[in-house]
Structure formats: structure tokens, C-alpha cells
Amino acid sequence: MKDLVTKLKTPANRRSFIKKGILAGTATVGAGLLASSSASAQTIVSAPTAGDIAILKFLAAAELIEADLWQQYAELGGLTPGQEPVETDTSFTPMNSYQAAFMNLDPDGPQYISSNTLDEQSHAAFLNAYLESKGAPAVNFDEFRTLPSSQAEGAKNIGRLTNLMNITVDTSWYIRYRSTTNPDLGATYPQAITLANVPGIPRTNADFALSNIQAIANIAAFHFGTIEQGGSSLYSTLAQKVATVEVLKIVLSIGGDEVAHFLEWVDFAGNSVQPPVAPLAAANGLPGFPNFDATVNPLLQTNLIFPVACEFISPSLPKCAVIRPTSQGETDAVGAAQAFIAMGIFTGQSPKFIPLLLALAEEADAAVRLLL
């Protein structure tokens, strides 16, 4: 690196350049500059900075949390090998009513839940392995896997990082992505539907027998969107702080997968608030779900998957369909950690856990891109 810096500071030999290069024409000169630039770029590539490591550590922490909650959804609502919703065929085990409720939202719903779970597990495993390959410690939350599992049949009796039996779901994203405004420029949004202190999964076998088990699946559908839109913004925001190309590749590539997840759950949530699933009356302590189509409100439109074009960078520029928010102070690392906390998924967790999570978030947000 010292030799490279010396070369960069040494003035070019103008007479030599004129003598050898001017007659070759601009095309040859341009090719030479490109070759020189490429060689310099290869030389400058370096190991991840301390800021890059901090970003990757928080992302690994977030993915461990997501993998834990998605595993719980998959155990009860995912596609279990050998299961089909056919009770008359004794070669198959029939699906439970929670899985069937997801199929009301999309016939492939259980498969999507299982696939999303595998993706998040792969993200966590990769990020931790990459950290270790660079001499950094992996993120390990095993000591905090102490929260109780659901007692419903199908759930594993193991300690959890997260608690899905009494969650609060921020549904404002549903309106945000149908709006032409942008939270990066100060816009705020109401809740599309109020889901506070409600179960995202069946808590016991008694929940399978509820006449409105569909409500628990609908809660989960909005929670899925909340989780994955947060991941989409988080990766897009932290990518702006990454200093090295390889780490940027990791953040953009995993972030792209989070966006793919989000688009499916936008559709899933929309299906829970339109016929034939909605309207669904409140009952058995579970919330009701109105028919959004009856409102004829574009901010509640149910058949949209893609983001509506919105303000981006400046109100004076044309509107553009983008992931939002992506600004510091919105869904950055601390914002993502606070969103997890606000969900109530850490209810009953050790008092040490939240300070640890926030410390990892603050270190990630303190990262800065280095300019060479």
C-alpha cells in the first residue's frame, strides 16, 4: 500500500508521455488509462473495515432473530413433508387448520413460509461463517434461547429467542408502499389495521379448533410483511455505509432476497383483507379483518404487489418506485432493533438481551464509508 500511495503522489513524466503516446491517438490513450485504472482498483482492494464488520455483525444478529421467528411459523404453518390437505387419503397426514387458513390466502402459502424460513437460516449461517473467515467472532445468541414454545401440536419443545404469542404488528407499511410520499422526506402513515397484543401462531391445540383460526393466519400475514419490508430497508440503508466491495456485494445480494420475500407478503396481506376471506368478524379474543376493497381507497388497494412510484431524493425530481425508507435515522440498524422490540417478540427475554442488541445496532450505524 505504501508503494501504491507513493506512485499515486509521483507526478507523471510529461515529456515521456508526449514522446511515446501522443501519436498513438486518443483511443490508445483511453485504453491505457482504463487498464491503469483496473490495475489500481485491484491493488486497492482490502479486507473489511471495522465498520464493515460491525454492519455484518448486526445483520447476522437480525437474521438470527428472523430465523428464530420464521422457524416457529414454519413448524405450525409451513409445508410439512408428507402433509396434504386431503383427509380421505390415509397415506397423508392432513394439514392443520392454521396451514389451511394460509392456503386461503395463497394455495402455495405453506411452501412460501417454509422457503422464507430456509432463506433466513441461510443468511444467518453465511454471515456468521463470513465473519469467522475474516477473523471476527460470530454472533451467538444461544444463551438467550430461553423463551417458551407454542404448546400446539407441531411446535418443537425448544427454547426460543422470540415470542410470537403476543405480538404488536406495525401495519403502516401497507399504506406507505401504496402512497406517492416517502418517509425519507418526512411523510408519516397511519396503521392500515390495528393488531396489538395478538397471537401470530396457535398457542395451544385449542386454537386449531377456533371458528376464526383464519384471524391468526391473517395476523401472521401482516407480520410477515412487517418483517420483510424492514429487512428490505435495513439492507438498503446499511449498504450506503459499506467500505469494501466484497461486503457491499454481500449486503446488496442478501438485501435483494429480502425484497423478493417482501413482495410475496404484500400480496399475502392483501388477500387477507379482501373477499372471500374478508370481512372476518372479531371473535374469541381475536381481531376482525374488514374488506379493504369496500373502501375504494387507493391507499388500501388489495391487488398491488409492487411499490407505487413516490418522491425520491427530492420532491422536484420525477417520482420513482423504490424501497423506502433508506435514510439514516429511519430503518437503520438502531431503527430495526427498535422495531423488533416494539413488536413485543422479546417479551420474557433476559434483561441483558436488548442492551446487547442495541449495542450491536449502534456500532453498525457508526460505520462510515471511506473515500480513497
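Trainee: What is the volume of the largest pocket?

Mentor: The largest pocket of this predicted model has a volume of about 570 Å³. Its lining is made of 28 residues, and Asp170, Gln229, Thr331, Gly335 and Ala339 lie nearest the centre.

Trainee: Which elements give two or more residues to that lining?

Mentor: They are α4, β1 (167-169), α7 (172-176), α9 (213-239) and α11 (333-343). Helix α11 provides the largest share, seven residues.

Trainee: How do the residues of the lining divide into nonpolar, polar and charged?

Mentor: There are 13 nonpolar, eleven polar and four charged residues in the lining.

Trainee: Why is Ala359 called partly exposed?

Mentor: Ala359 has a relative accessible area of 31%. Buried would need a value under 20% and exposed a value over 50%, so a residue in between is called partly exposed. Ala359 therefore belongs to the partly exposed class. You will find Ala359 in helix α12 (residues 353-365). Ala359 and Ala333 are 26 residues apart in sequence, and their C-alpha atoms are 9.9 Å apart in space.

Trainee: How many disulfides does the structure hold?

Mentor: The structure holds zero disulfides. Take Cys310: the nearest cysteine sulfur, that of Cys320, is 7.4 Å away. Cys310 is in no disulfide, and Cys320 is in no disulfide either.

Trainee: Is Cys310 buried or exposed, and what makes Cys320 partly exposed?

Mentor: Cys310 has 0% relative accessibility, so it counts as buried. Cys320 has a relative accessible area of 33%. That value lies between the limits of 20% and 50%, so Cys320 is partly exposed.

Trainee: What makes the phi of Ile313 worth a look?

Mentor: Phi of Ile313 is near 70°, a positive value in a residue other than glycine. Ile313 lies in the loop between α10 and α11. Its relative accessibility is 63%, so Ile313 counts as exposed; the cut-off for that word is over 50%.

Trainee: Where is Asn284, and what is its phi?

Mentor: Asn284 is in the loop between α10 and α11. Its phi is positive, about 55°, although Asn284 is not a glycine. With a relative accessible area of 46%, Asn284 is partly exposed.

Trainee: How do you know that the peptide bond from Pro275 to Pro276 is cis?

Mentor: Look at omega, which is near 5° for that bond. Pro276 lies in the loop between α10 (245-271) and α11. The peptide bond from Arg324 to Pro325 is cis as well, with omega near 5°, and Pro325 is found in the loop between α10 and α11.

Trainee: Which residues does Tyr73 touch?

Mentor: Leaving aside residues up to four places away in sequence, Tyr73 touches several residues, among them Tyr98, Ile113, Leu164, Ile167, Ala220 and Phe224.

Trainee: And the whole chain: how many helices and strands are there?

Mentor: The protein chain has twelve helices and two strands. From the N terminus on, the elements run α-α-α-α-α-α-β-α-β-α-α-α-α-α. Of the 372 residues in the chain, 47% are buried. Among contacts between residues at least 6 apart in sequence, 75% join residues at least 24 apart.

Definitions and conventions:
Residues are numbered from 1 along each chain as its sequence is written. This is a predicted model: local features need pLDDT of at least 70, side-chain atom pairs count only at pLDDT 80 or more; totals for chains, interfaces and linings use all residues. Side-chain values use heavy atoms; hydrogens and water are left out. Contact means heavy atoms within 4.5 Å. On a 1 Å grid over the protein atoms alone, a cavity is a set of points where a 1.4 Å probe fits but cannot get out, and a pocket is an open set with protein on both sides within 12 Å along at least five of seven lines; lining residues have an atom within 4 Å of a point. Grid points are joined across faces, edges and corners, and a volume is the space filled by probe spheres set on the points. Helices (H or I, at least four residues) and strands (E, at least two) are DSSP runs, numbered from the N terminus. Ala, Val, Leu, Ile, Met, Phe, Trp, Tyr, Cys and Pro count as nonpolar, Asp, Glu, Lys and Arg as charged, and the others, Gly among them, as polar. Buried means under 20% relative accessible area, exposed over 50%, partly exposed in between (1.4 Å probe, protein chains only). A disulfide is a pair of cysteine sulfur atoms within 2.5 Å.
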